[in-house]
Amino acid sequence: MDTRQLRHFITLAETLNFHRAAERLHMAQPPLSASIRRLEEQVGVPLFVRNRRGTELTPAGAAALENARRAVFHSEQFALAAQAAARGEAGTLRVGFVGSATYALMPRVLPSFRARYPGVHLELAESTTARIVAMVESGDVDVGLVRFPIGRACKARIFPVERDVFMAALSVDHPLARRRRLTLADLASETFVMYGAMEVPGLHAAALLACQQAGFIPDVQQEAVQVQTLISLVESGLGVALVPSVAARHVARNIVFKKLAGPGAQTAIGIALALPPAGQTSAAQRFLESVLEQPRD
């Protein structure tokens, strides 16, 4: 049997009249009679009885009616779910993200995406840029929010979505914290907390390049992976750090974030969307569109 036959059965059960049922179904009466007859043959029991009073459900037909309605409903839901998933409006979207994406980009994008596509279940996983890019390339996540520059060759397609520059993170009692204007070269004699070269190669290389453009090689005494960790280490008095300006949204009582001027201060960094090399899911495409629609700071 198929859902078409079940619809015929349900309509006839509701009208108990072949003529009216055929009209409601927009078909002729003989094909409807033939469809009901085939259904009864497939089930193996009569579903209707024809007598002088008209057409009535048999006890077997009455018992099967609710299940027929459920079967038709779920077949319709099956089709709707498949169509919604094909449009990127349902299913699961696996998103890898770096911690610094939570400062500004994710709070802007996620609420609007969830409101627009409530049928998409988000699975979020925090990691490093290098690991997320590898997960995108292997298919372990559908989309990644990563730091750029990436710092290594990759097959993933990279879409910059949030552009940024470095700021200096200083402890509140640092002598340079009171400067109204600070250049990157002013930090030349300072001890630095730096991004790990292996774990965060992109930000590590960008920070070194900025310092080199300012005329010095930073004295790195401590390395860390996450921007938040660098900020905490600076707050602990272990040195100064170059952090994305969006990190200034972080509230820390013992940290001062200073804008930088001069050579190296405009080194381009930011957040990018990483997508698989061979095309993305429909839900990932909807996510990309949602990200690109967001206003830029």
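Buried means under 20% relative accessible area and exposed means over 50%, with partly exposed in between. Keep that scale in mind, because at 47% relative accessibility Arg24 counts as partly exposed. The model I am showing is a predicted one.

Let me stay with Arg24. Its side chain meets that of Glu14 in a salt bridge, at 3.0 Å from N to O. Glu14 belongs to helix H1, residues 3–15, and Arg24 to helix H2, residues 18–25, so this pair ties together parts that are ten residues apart in sequence. Glu14 has 42% relative accessibility, so Glu14 also counts as partly exposed. The two are part of a network of salt bridges that includes Glu66 and Arg69. Over the whole structure, a search finds ten salt bridges.

Next, Arg50 and Glu40. Their side chains form a salt bridge at 3.7 Å, N to O. Arg50 is in strand S1, residues 48–51, and Glu40 is in helix H3, residues 29–43. Is each one buried or partly exposed? Arg50 is partly exposed at 45%, while Glu40 is buried at 11%.

Asp142 is buried, with a relative accessible area of 8%, and Arg94 is partly exposed at 27%.

Last, the strands. Four of the five residues in strand S9, residues 191–195, are buried. S9 pairs with strand S10 in the parallel sense over five bridges, and Val193 has Gln222 as its bridge partner in S10. With helix H7, residues 201–213, the two strands make a right-handed β-α-β unit.

Methods
Residues numbered from 1 in each chain as written. Predicted model: local features only at pLDDT ≥ 70, side-chain atom pairs only at ≥ 80, totals over all residues. Heavy atoms only, no water. Buried < 20%, exposed > 50% of the residue type's maximum accessible area, 1.4 Å probe, protein only. Pairing = 2+ DSSP bridges. Right-handed = clockwise from strand over helix to strand, strands pointing away. Salt bridge = Lys/Arg side-chain N within 4 Å of Asp/Glu carboxyl O.
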